[in-house]
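Welcome! Take a moment to look over the sequence and the model, and then we can walk through a few of its features together.

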Amino acid sequence: MRQYYPLMPAQSGDQGEQGRPEPPDYKVYRSRPGLLSRLRSPDLSTLRERVSGKGKGPTRPAAEKEPAVRPPWRRVLKWVGIAALAWIVLSFLAFAVSSQIQKWKLADMGNTLHGNPFLAASPQTILVLGTDIRSGQFAGPDQAASKGCLKAAGSGEAPPSRCTPYRSDTIMLIRAGGGAFRKLSIPRDTLANIPGHPENKINSAYAVGGAKLTIRTVEKFLGTNVDQVAIIDFDGFRKFIDTIGGVQVNLPTKVCSTVSGGAFNLKLSAGEHTLNGFQAITLARTRENTCGSGQFTGTDIERAEFQQLILDGIKGRLTDPLRLPYNFIKGPFIGWNAPKAMESSMGAWTMPQLVFAAVIGGGGGTDVLKPSSTTAAGNLIISQHECQRAVKTFLGHDPPHQPACSPPS
């Protein structure tokens, strides 16, 4: 039996003239391929397999894939690496902060220095000074200076009226940066022209004008500019050497000495020795031979050579691959104590570049100005020929100005 259904009347806008519904209004949106999908070439073979049902089976959605289980040792290694990196960063931060603090302690040098912050790229000349003033730890009973005098001497100030005049015991120049690392020492008893004062031993410039006058004196004497200055702090120097586990030196001769009225004594055979902080400072201050004849003569030349040996020993201690585990463990302590060995014009940015220059610059050996004669007053005379030789070797080229050297005696 056939059944008939009444036709519904056509509604306006929903059906056409013959009773057929009109298609609804809709918008067509075209998806835009992602960046990675544009770079990938289309894989038509995989698509055909999926359409034909010849694939290996239904592909599980990415959300349902089981996460890969990482071995425990990988997680341990990851955290060990993070901890090691944090320890290294802490070491560098300690070094940078300590360097900047020591820079703030330095007295105003005015326009006497000619350096720039980019020591690693271009070589600069650094004047290293050590005064003969001593604290109670490094002096005999009647030689200890007050804290105020120690602070003035360490910052590079001229001696205040209340202090006994102090002089520069150590005068060493370091040429560092641009792949260079060379050293040149000036004996403390060298006769020199002191700007604005009568000619005298070069170490007396510190006694009348502090570090600023010493810089001007050295520049005139050698005919070259001084870019940075560093003033040794003996107590900080001792702590730094003890922090790195001592310093190794190779002595060319037997050394016996007594300094500070017998407060410090040293007796070492020729050859290699590892010295602690006090022993290293005693060697750096050694001037008199107590071993008898046949050993070193105790001149300023030998004293300067000992000081350079100690500097080389410090560099070797910090760059020796076998010392890497020790230096890593002590990293923050080394980073904090190293800049405290001196008050310098090099702060948080320049001091790390000096360390980098020392690492890549090689040893450079020891070079000391050799006197041609000695005056009756004990002043050492450095000839023009010796000045020219030493400065050219030190700079790697002729000096920019004519060296004054020692005045004619």
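## A buried leucine

L395 counts as buried because its relative accessibility is 5%, and buried means under 20%. Keep in mind as you explore that this is a predicted model.

You will find L395 in helix α12, which covers residues 384-395. Leaving aside residues up to four places away in sequence, L395 touches T125, R175, R182, T224 and P400. What about A180? L395 and A180 are 215 residues apart in sequence, yet their C-alpha atoms are 9.1 Å apart in space.

## Two nonpolar cores

The largest nonpolar core has 38 residues. Those with the most contacts inside this core are I126, A176, F237, L283, I310 and I314. A second, separate core has 34 residues, including L395 along with A107, L129 and V229.

Which residues does I126 touch, not counting residues up to four places away in sequence? They are L119, M172, L173, I174, A176, Q228, M346 and L354.

## Where two helices meet

Now turn to helix α6 (residues 234-243) and helix α8 (residues 300-319), whose axes come within 11 Å and cross at roughly 40°. That angle makes α6 oblique to α8, and the crossing is left-handed.

On the α6 side, the contact is made by F237, F240 and I241, while α8 brings I310, I314 and L318. The residues of this contact divide into six nonpolar, no polar and no charged.

Conventions:
Residues are numbered from 1 along each chain as its sequence is written. This is a predicted model: local features need pLDDT of at least 70, side-chain atom pairs count only at pLDDT 80 or more; totals for chains, interfaces and linings use all residues. Side-chain values use heavy atoms; hydrogens and water are left out. Axes are lines fitted to C-alpha atoms, for helices over the stretch in contact, and angles run from 0 to 180 degrees between N-to-C directions. Helices (H or I, at least four residues) and strands (E, at least two) are DSSP runs, numbered from the N terminus. Angles under 35 degrees count as roughly parallel, over 145 as roughly antiparallel, 65 to 115 as roughly perpendicular and the rest as oblique. A crossing is left-handed if the near helix is turned anticlockwise from the far one by less than a right angle, and right-handed if clockwise. Contact means heavy atoms within 4.5 Å. Ala, Val, Leu, Ile, Met, Phe, Trp, Tyr, Cys and Pro count as nonpolar, Asp, Glu, Lys and Arg as charged, and the others, Gly among them, as polar. A nonpolar core is a set of buried Ala, Val, Leu, Ile, Met, Phe, Trp, Tyr and Cys residues joined through side-chain atoms within 4.5 Å. Buried means under 20% relative accessible area, exposed over 50%, partly exposed in between (1.4 Å probe, protein chains only).
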